[in-house]
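Good morning, and thank you for coming.

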Amino acid sequence: EERKEAGRAPPADKQARRAARAAAEWSGAPAQREWERQRQQVQKPSLCPVNRPRELQQFHRLSLKASLPTAEANSRPAPSGNGCPGNGCRFTSVASEAEGLLGRLAMAEHGPYLPHEPGYGLYQPGYGLFDDQTPDPDHRMLACQNAKAYLLQSSLTSGLNLYDHLVNVLTKILDERPANPVDIFENISKDVKAAQFQKKMDTLRDEHEILPSFESAEIRRNLFFKSDAGDEEREEELGEIPLPNVMETAFYFEQGGIGLSRDETYLIFLALKKLVSVQPIQTCRFWGRILGREKNYIIAEVQFREGEEEEETEEEEVIDEGDKRMDEVEDEDEEKEKNEPPKSTYKPPPVIPKEENGTGANKHVYFVCNEPGEPWVKLPPVTPAQIVCARKIKKFFTGRLDAPIVSFPPFPGNEANYLRAQIARISAGTHVSPLGYYRFSEEEGDEDEEGGGGRDDYEENPDFEPLSAFEMVESLSTWVHHVPSILKQGRCVWFNPLQKTEEEEGEEEEEEKDEVPDELQQETGPPLLTPLSEDEGIQNIPAWTVSLSTRLIPQYAVAILRSNRWPGAYAFACGTKFGNIYFGWGHKYSLGNHTPALPPPVQPEYPNGPEIREAADPTVEEELAFKAAQEQKALEGMEGEEEEEEEEFEEDEEEEEEDD
Amino acid sequence: MEPAALPTALQLAASGDTGLSLEKRAALGASLLLLQRDYRFERVWFWGCIQGVRGTYYIAQGLGPDLAAPRSRLYSLNCVEWSLLPPATVEMVEQAALLKGLFQGDPSFEYEYAEVNAEDDERFLEDGKELTIKEENRLVATIEQIDRAVGIIPRRAFMKTPLGSVHENRNFEGLSLTEAKKLSSYFHFTEPVNLKNKTLLEKADLDPSTDFLDSLEHDVPQGSWTVQFEKGGTVVVLRSLLWLGLTFYHVPMTKQYGYIYCGTGFIHLAHVQHFLRY
């Protein structure tokens with residue numbers, strides 16, 4: 001309503017005619033359309049009820065809409081001010097233009113119905129304009145007002161009336177001028193209706209919706225606050241921060257099309273900085289991102305400063321000792337009670353101990369979080385049993401570290417352990433560096449060790465001369481693994497489970513005699529710093545795919561390496577810089593589909609031999625036949641030799657007795 | 001997704017390993033527009049890439065005014081020069097299903113059928129010659145399968161006119177946050193299969209102009225879609241666990257949506273139930 005009073009510029013006559021023509025088209029029947037046009041030309045003044053103030057007041061009195069404020073009637077002076085020039089209706093406001101259209105529309109639909117009503121003949125096809133008597137303008141006016149009154153009738157359910165609604169819709173259309181309004185007319189109508197109800201004068205106010213994205217935004221914003229003064233002192237002491245330049249690495253990966261968007265990477269960068277400020281870390285690296293079903297994991301690879309490792313190892317030792325004591329107590333109890341059922345002779349395979357923190361598969365410590373900004377959670381060190389089991393199962397991560405892993409063979413641990421195992425496998429399989437970047441540190445005595453673990457230590461080579469990207473791409477021998485591969489046992493350094501420690505020898509002396517220990521062959525893997533050209537592929541597919549980031553500008557190209565064994569593992573090398581990263585689901589590539597391990601066959605209860613095999617008892621016939629055969633033998637013997645009759649007879653008797 | 005929206009789309013849909021280097025992205029922006037001009041497509045979508053051993057195929061789709069009409073697909077090895085792919089036939093799909101292993105990266109490579117399956121050799125050797133499958137055909141079949149299986153759009157984004165053609169819905173303002181979490185607000189953009197099986201009560205609630213496709217709710221196997229809110233809850237990202245590599249993104253309450261496939265072109269079919277159960 002307010003907009004109608006806004007005093008718009010008088011629309012051009014052409015617009016009015018165009019609008020009128022549109023209105024005419026709405027009414028449908030061609031005869032009526034023509035009639036409309038003719039009516040327009042001939043009898044314009046009488047067709048504008050709103051422009052006649054006298055009619056207006058009469059009209060509003062007739063209106064059933066009580067809520068229409070009378071102020072409205074007074075506030076429409078403008079249109080009537082101009083009057084109605086002879087050659088065309090001129091409306092001064094868009095609203096009244098709309099109303100005029102409606103009026104005409106109403107006229108077409110709700111005119112004279114019965115033959116005796118004037119103007120009836122004009123609706124019938126075939127009747128010309130001057131055939132009948134000229135219709136009485138007052139009657140026409142009455143019909144028009146009836147129509148408008150009907151339109152102004154407010155709905156009992158919603159309180160709207162069609163007239164105002166159509167006015168609003170047309171106003172909106174004429175304001176916004178969308179393309180093809182007729183196609184979206186219903187939607188505009190719905191929008192207008194919806195807009196009606198937004199200004200509620202309710203005392204109840206809608207509670208502001210707190211979206212979950214607000215909380216995440218809060219967490220992310222906290223990343224940007226600088227830490228307090230205590231850390232600043234530490235920063236001044238340390239010349240170098242253990243934090244790598246994540247953005248620089250991300251830049252090189254971006255050249256190859258790998259990596260998250262830049263703002264995500266920056267947030268991860270800040271999250272790593274937070275981690276570094278909280279934990280005593282020597283080196284830190286963004287390892288990658290593993291996708292999960294509900295949430296994803298962002299993983300950081302970290303090495304603690306020497307001597308600052310957590311106290312977890314002590315706790316584990318305490319637990320072990322406690323268990324041993326329990327075992328001894330139980331043994332004593334069992335010896336006292338002799339009614340116990342026989343102990344099973346099953347000996348579980350020896351538990352292979354995990355590698356020490358800081359060596360082998362546990363060289364690095366990993367921290368994970370779901371979103372940058374959330375607190376980092378440390379993953380427990382990995383045990384060989386977990387790696388061996390992880391090789392047999394294939395599970396998607398859910399995103400919650402405490403989720404159980406239900407699988408066959410049963411995984412010893414929950415999702416945190418499975419994640420750690422997969423990280424260990426991926427690192428061992430895909431962490432590579434350019435040839436010569438690392439070299440073995442010169443230490444003596446390494447080669448004398450049993451187990452032949454080879455050299456474990458490597459250090460950065462200060463004499464590293466980088467190859468050009470083109471050379472890096474040409475052959476795979478320019479790249480080497482710098483993480484020791486994991487043996488079948490689940491460790492990087494082979495452990496002989498048959499080496500019994502002093503403590504255990506006493507308990508197992510008796511049992512040693514029973515068993516024949518199998519000799520385990522020492523497992524060896526490829527030594528450290530082996531080039532990638534020795535990696536096995538899967539069937540016809542090589543293990544790695546190399547590419548240059550750009551072929552057009554080879555001087556600045558970055559060599560990108562993509563693993564086919566672990567889809568999602570990438571490495572880049574450019575000049576003296578290199579990096580590894582993982583973006584994926586955390587699974588190895590398998591050619592066919594993954595078939596889970598079948599359960600083992602049912603264990604037999606006892607060995608099956610002929611001594612326990614049941615044979616059917618001989619039947620009576622068989623026994624008689626056997627006896628008959630024996631008697632025949634005896635008779636033959638007696639007929640043969642007389643000298644031996646007695647002996648044979650005795651023997652026969654004996655035999656017969658035995659048979660009985 | 002639209003080439004104009006490609007930079008933002010890749011940011012939002014990035015699972016990290018799209019393999020689209022900056023150079024290719026820049027090239028795509030230009031070459032896709034030229035494709036539109038040359039082939040007179042009404043719109044061009046960048047479909048994604050399929051990674052092979054020696055190279056990667058970049059795929060684009062061209063659409064006419066009717067979005068439900070068969071789409072033309074083009075491939076390129078460097079995002080600059082594009083070649084049209086032949087339309088997919090049922091035969092191609094069948095043959096391609098027998099092949100295993102990654103794509104080679106060379107479109108003229110021919111897989112020898114004899115390597116694949118000795119039992120079926122008898123069937124096919126009746127012709128007297130050994131069948132070979134071209135990598136191009138395998139590519140076509142794979143793209144068709146992926147589109148049919150996991151090409152999705154948000155509900156009410158497309159509208160069906162009474163004449164049967166499908167158009168973009170101009171009144172689509174985006175899904176709300178609650179709707180975006182549900183799988184039933186996303187549709188497969190292919191011939192509907194389950195629509196007729198719905199009960200009358202369900203059908204009564206549907207709006208035939210916008211609900212003419214299958215929703216993701218009843219996909220088999222259950223749980224093959226992950227719905228996540230990324231970037232602090234502002235973008236909803238759907239990933240398929242069946243066709244690893246398909247990512248669909250949508251910013252709720254806006255018109256931005258799209259999907260991209262970046263992977264090796266394999267369905268992880270059998271035993272999906274096994275590792276999806278939890």
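Chain A exposes about 41,900 Å², and carbon and sulfur atoms supply 50% of that area; accessible areas come from the Shrake-Rupley method with a 1.4 Å probe, and for residues only the protein chains shown count as cover. Please keep in mind that this is a predicted model, in which local features need pLDDT of at least 70 and side-chain atom pairs count only at pLDDT 80 or more, while totals for chains, interfaces and linings use all residues. Residues are numbered from 1 along each chain as its sequence is written, chains are lettered from A and ligands numbered from 1 in the order in which they are written, and side-chain values use heavy atoms, with hydrogens and water left out.

The secondary structure of chain A comes to 22 helices and 12 strands. These elements are DSSP runs numbered from the N terminus, helices being H or I with at least four residues and strands E with at least two. Of the 660 residues of chain A, 37% count as buried, where buried means under 20% relative accessible area, exposed over 50%, and partly exposed in between, with a 1.4 Å probe and protein chains only. Among contacts in chain A with a separation of 6 or more, 64% are between residues 24 or more positions apart; contact means heavy atoms within 4.5 Å.

Let me turn to helix α13 of chain A, residues 246–255. Its buried residues are Val246(A), Ala250(A), Tyr252(A), Phe253(A) and Glu254(A). They pack against α14 (262–278), β10 (559–563), β11 (569–574) and β12 (577–584) of chain A, together with α2 of chain B. After α13(A) comes Gly257(A), with a positive phi near 85°.

Several backbone details deserve mention. The peptide bond from Phe408(A) to Pro409(A) is cis, with omega near -5°, and Pro409(A) is found in the loop between α16 (384–392) and α17 (415–430) of chain A. Within helix α17 of chain A we find Asn417(A). Is Asn417(A) buried or exposed? Asn417(A) counts as buried because its relative accessibility is 12%. Leaving aside neighbours within four places in sequence, Asn417(A) is in contact with Pro380(A), Gln386(A), Phe411(A) and Pro412(A).

Arg177(A), in the loop between α9 (162–176) and α10 (185–196) of chain A, has a positive phi of about 55° although it is not a glycine. In chain B, Arg40(B) also has a positive phi, near 55°, and lies in the loop between α2 and β1 (43–51) of that chain. Arg40(B) counts as exposed, because its relative accessibility is 71%.

Finally, the interface. How many residues of chain B are in contact with chain A? The number is 42, and they meet 50 residues of chain A. The area buried between the two chains is about 4,000 Å², of which carbon and sulfur atoms give 52%; buried area is the accessible area (1.4 Å probe) that two parts lose on being put together, summed over both.

One salt bridge is counted between chain B and chain A, a salt bridge being a side-chain nitrogen of Lys or Arg within 4 Å of a carboxyl oxygen of Asp or Glu. Arg289(A) forms a salt bridge with Glu230(B), the closest N and O atoms being 3.9 Å apart. On the side of chain B that touches chain A, the elements giving two or more residues are α2 (22–39), β11 (225–230) and α9 (272–276) of chain B. The largest share, five residues, comes from β11(B).
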